[in-house]
Amino acid sequence: MSAVAAKPAAGSAMNPTAMAVGVVMFLILMGICFFVYPVGIMPLLLIVVGGVLIGFGVHFVPVGGAPAAMGQAPGIATGVAMLAAGGGLAGLFGGAWAAAAGQDPLVVVITGGIGGGLMMAITCMMVNFVYVFGMGIPAASGKVANDPITGDSQAEYKSQGTEGHGLPFVSFVGGVIGGLFAGAGGTLIYLELLEVYKAALPTVMQITAAQALPIAVSAAGMFAVGMFLVNAVLTAYNITGTIEGPHDPKFKRWPRSVVASAVASALCGLVAILIVAI
Amino acid sequence: MEHIVFGIGITALTGALATVAGAAEDTESNIGSQGDPNSQVQLAPQMGFLHRIFNKAVAGEPPAYGLWCALGCGLAWAFMAMQFNAVLAIVLGSVLAVFVQGVYATTAYVGRTASLSKFGQPVYVDILKSMTTVTMAHAFIAIFATVAICQLINGALGHPFPLPLLGLVWGIALGAAGSATGNPYYGKERQYQNQKFGAGVPISASGNIVRYAEAGERNSIDNGWFTAKIGGSASGICFGLIVFLELWRTILFEQVAAGWGAIVVGVLMILVFTVVDRYIEVWARKNYGPYTEAKEASS
């Protein structure tokens, strides 16, 4: 089929074969971990959960890219992966601190999520602040007639020749939810890798647990940041450009991204675990 | 008690530094057209509008600042390991990171602009000389403030992450906050100053950026001057609030109810910002009103 003959809606279609291949790859990667380093199977599973949380959460973040910077489309005027990384890493920062304070793992993960959500809440509020008080432009969605949460009508608040601008309330809420998921996912990955390294490094490097701790924290932090970016960029490809938030039709593409994030996280997580297993 | 008072003092200092960093970052990126509005600077010559605007966007602000701040932090950490005074180490680390930023800005401007030669867009050597040093000066302020924040978080507040990793995390967050808040003001309000105030830029006007100033042709220092007033300060407030509130809730409430205290305070703060955002949205709808009648728009 030529590019001209291709259906324009293909971007949102699910490909069952590709999804099945993704699931098989995921199972193979988990199987490798089980045979090579059986202790790492549960951490790897939770790392995959963290990656999936990031991939799913990024779909909520309202990203307008370049058109939003000219008030031509709603959303935050920056890239998908970048914004999600900013929010998620702020969450990871808080989660890592809570982990160092010896808090319960559940508390650590939720703390990371709240950190990401808080960063996104402040950023989204400031975006609307600049649009309204700096540029005199009200928020309006280009994808729905009424805001699904507040019921506010949108069409008459779109200026001529644009697809909308600013952050309608549903996009603000989407941004906060995205930050919560992304922050929690990044923190979960960090926490699991930290536990693996704390347990394995003293034996592997023939050092004491106290000497191994800074190395474990650094390595887990670096891998968590790297895996965060992998999942955020994968999701950016799935979104292809801009998304307004959970009410955007592109949001329905999330199952594809979840499978891709699971496979990518399993592969990255396996490599991260195997550096202390082999 | 002393520990908490000390922590609050450090938190206030980091918040102030973050505000300076955010404002400098946005102004630097606007002078270099590094945010999303670079698309218009790149598009304009293709539409026949030749200009003298600097454009160094070969990476987004978050990864670029992630690199520069991680570099600044890593070098500062190395100098401190060599027994340099911490302040001197931070300054030297930031200076070396800024040289990397200067090389990046130079090659990016030359590369991006040379790619437009088929549309007749010249590479202005005087622009290269005058703009690059201005972006470097602003980048130094942003990187120095961020590296200082990371050192305070690591050294004084005891965060477990090593200094270079903190630089990467907060550099990316700085770029994300600065580009999200500052880009619309530069993109719409400055580049399209010839369009109506209080409305988005019609898609049909894309590429027709303002190229002339009060006297002569507009350059990017004019843009930095203009956007520093609202875009820069708003970006500063945004990043300052993020750093300050994240540290504040951790320092004061992390030990309350086994960590749940910080979580509850974080949720409350998110709710407060949600209410403020909703107030701003409703205020705009009431005071500015719709562009068209509701009936007409829905038909």
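Trainee: What percentage of the 299 residues in chain B do buried residues make up?

Mentor: Buried residues make up 55% of the 299 residues in chain B. A residue is called buried if 20 or more other C-beta atoms lie within 10 Å of its own, exposed if 12 or fewer do, and partly exposed in between, with the C-beta atoms placed from the backbone.

Before we go further, a word on what you are looking at. This is a predicted model, in which local features need a pLDDT of at least 70 and side-chain atom pairs count only at pLDDT 80 or more, while totals for chains, interfaces and linings use all residues. Residues are numbered from 1 along each chain as its sequence is written, and chains are lettered from A and ligands numbered from 1 in the order in which they are written. The pLDDT is the predictor's confidence in each residue, on a scale from 0 to 100. Chain B has a mean pLDDT of 94, and 98% of its residues reach 70 or more. For the complex, the predictor gives an ipTM of 0.96 and a pTM of 0.95.

Now to the build of chain B. It has 9 helices and 0 strands; here helices (H or I, at least four residues) and strands (E, at least two) are DSSP runs, numbered from the N terminus. The radius of gyration of chain B is 21 Å, close to the 19 Å that the globule rule gives for 299 residues, so chain B is as compact as a globular protein of that length. That radius is taken over C-alpha atoms, and the globule rule is 2.2 Å times the number of residues to the power 0.38. Along the principal axes, the C-alpha atoms of chain B fill a box of roughly 65 × 55 × 30 Å. Two residues are in contact if their C-beta atoms, placed from the backbone, lie within 7 Å. Of the contacts in chain B between residues at least 6 apart in sequence, 78% join residues at least 24 apart.

Next, look at the loop between helix 7 (220-253) and helix 8 (260-288) of chain B, where Ala257(B) is found. Its phi is near 50 degrees, a positive value in a residue other than glycine. Ala257(B) counts as exposed because it has 11 C-beta neighbours inside 10 Å. Ala258(B) is in the loop between helix 7 and helix 8 as well, and its phi is positive too, near 55 degrees. With 12 C-beta neighbours inside 10 Å, Ala258(B) also counts as exposed.

Follow the chain into helix 8 of chain B. The expected span of a helix is 1.5 Å times one less than its number of residues. At 1.5 Å a residue, the 29 residues of helix 8 of chain B should span 42 Å, and the end C-alpha atoms are 42 Å apart, which agrees. Among the buried residues of this helix are Ile263(B), Met269(B), Phe273(B), Asp277(B) and Glu281(B). Their cover includes helix 7 of chain B together with helix 5 and helix 6 of chain A. After helix 8 of chain B comes Gly289(B), whose phi is positive, near 75 degrees.

That cover leads us to the partner chain. In total, 76 residues of chain B are in contact with 72 residues of chain A. On the chain A side, helix 5 of chain A gives the largest share, 21 residues. The residues of that side divide into 46 nonpolar, 23 polar and 3 charged.

Notes: Nonpolar A, V, L, I, M, F, W, Y, C, P; charged D, E, K, R; others polar.
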